[in-house]
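This report goes through one protein chain, starting from a single residue and widening to the whole fold. The structure comes first.

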Amino acid sequence: QVPLVESGGGLVQPGGSLRLSCAASGFNFKMYYMSWYRQPPGQEREFVAGISSSGGATNYADSVKGRFTISRDNAKNMLYLEMNSLKSEDAAVYYCRGAAFWGQGTQVTVSS
C-alpha cells in the first residue's frame with residue numbers, strides 16, 4: 001500500500017484553477033503535519049504549503065500566497081491544494097509529503 005497518492009493534476013490555462021488531492025494510508029494521518037512541494041522542470045524541489053495536524057495552522061511559500069489554499073480532511077485521510085490564478089511558473093510536478101513519506105507526484109501544466 002502506497003502511503004501517499006496524489007491526483008488532480010493536468011493541463012490548465014493561465015489564470016485557471018486546479019484542485020490537487022492526496023490520499024493517505026498506512027499511518028496515523030491526523031497526527032502529522034502535512035505539506036505540498038513542487039519541482040519545476042530542471043529545478044530543485046521546493047516547499048509550496050503546509051498545514052498542521054489539526055488543520056488550524058497553515059503556511060505558504062511567498063510565491064503562492066493568496067492564490068493557493070491547503071486544507072485537510074482528517075476523517076477521510078485526505079490532503080488538498082486548491083490552486084487559483086495559475087501562472088506559467090506554477091507548472092511543476094506537485095508532491096504530497098508527510099510522516100517522512102513522499103507521494104509519487106502529479107503533473108501540473110499551465111499553458112494556453
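Predicted model: local features only at pLDDT ≥ 70, side-chain atom pairs only at ≥ 80, totals over all residues.

Residues are numbered from 1 along each chain as its sequence is written, and side-chain values use heavy atoms, with hydrogens and water left out.

Glutamate 82 belongs to strand 8. Its relative accessibility of 30% makes it partly exposed; buried means under 20% relative accessible area, exposed over 50%, and partly exposed in between, with a 1.4 Å probe and protein chains only. Between glutamate 82 and arginine 67 there are 8.2 Å from C-alpha to C-alpha, at a separation of 15 residues in sequence.

Serine 21, in strand 3, is buried, with a relative accessible area of 14%. Beyond residues up to four places away in sequence, serine 21 touches Val5, Glu6, Ser7, Trp36, Met78, Leu79 and Tyr80.

The wider setting is the nonpolar core. Such a core is a set of buried Ala, Val, Leu, Ile, Met, Phe, Trp, Tyr and Cys residues joined through side-chain atoms within 4.5 Å. The largest one here has 27 residues, of which Trp36, Leu79, Leu81, Met83 and Tyr94 touch the most other members. At least two core residues come from each of seven strands listed by number and range: strand 3 (18–24), strand 4 (34–39), strand 5 (46–51), strand 7 (68–73), strand 8 (78–83), strand 9 (92–98) and strand 11 (106–110). Strand 3 contributes the most, with four residues. In soluble globular proteins, nonpolar side chains tend to be buried together.

Aromatic rings come next. Rings of Phe, Tyr and Trp (its six-membered ring) pair if their centres lie within 6.5 Å; planes under 30 degrees apart are stacked, over 60 edge-to-face and the rest tilted. By this rule there are six aromatic pairs. Phenylalanine 27 and tyrosine 32 make an edge-to-face pair, with 5.7 Å between centres and 75 degrees between planes. Phenylalanine 27 is buried at 14% relative accessible area, whereas tyrosine 32 is partly exposed at 35%. Ring pairs join Phe27, Phe29, Tyr32 and Phe101 into a cluster.

| Charged residue | Ring | Distance to ring centre |
|---|---|---|
| Arginine 19 | Tyrosine 80 | 4.0 Å |
| Arginine 45 | Tyrosine 95 | 3.7 Å |

For the chain as a whole, the count is zero helices and eleven strands, where helices (H or I, at least four residues) and strands (E, at least two) are DSSP runs numbered from the N terminus. The radius of gyration is 13 Å, close to the 13 Å from the globule rule for 112 residues, so the chain is as compact as a globular protein of that length. That radius is taken over C-alpha atoms, and the rule is 2.2 Å times the number of residues to the power 0.38. Of the 112 residues, 44% count as buried. Residues 24 or more positions apart make up 50% of the contacts with a separation of 6 or more.

Technical notes
Lys NZ or Arg CZ within 6 Å of the ring centre and 35° of its normal. Contact = heavy atoms within 4.5 Å.
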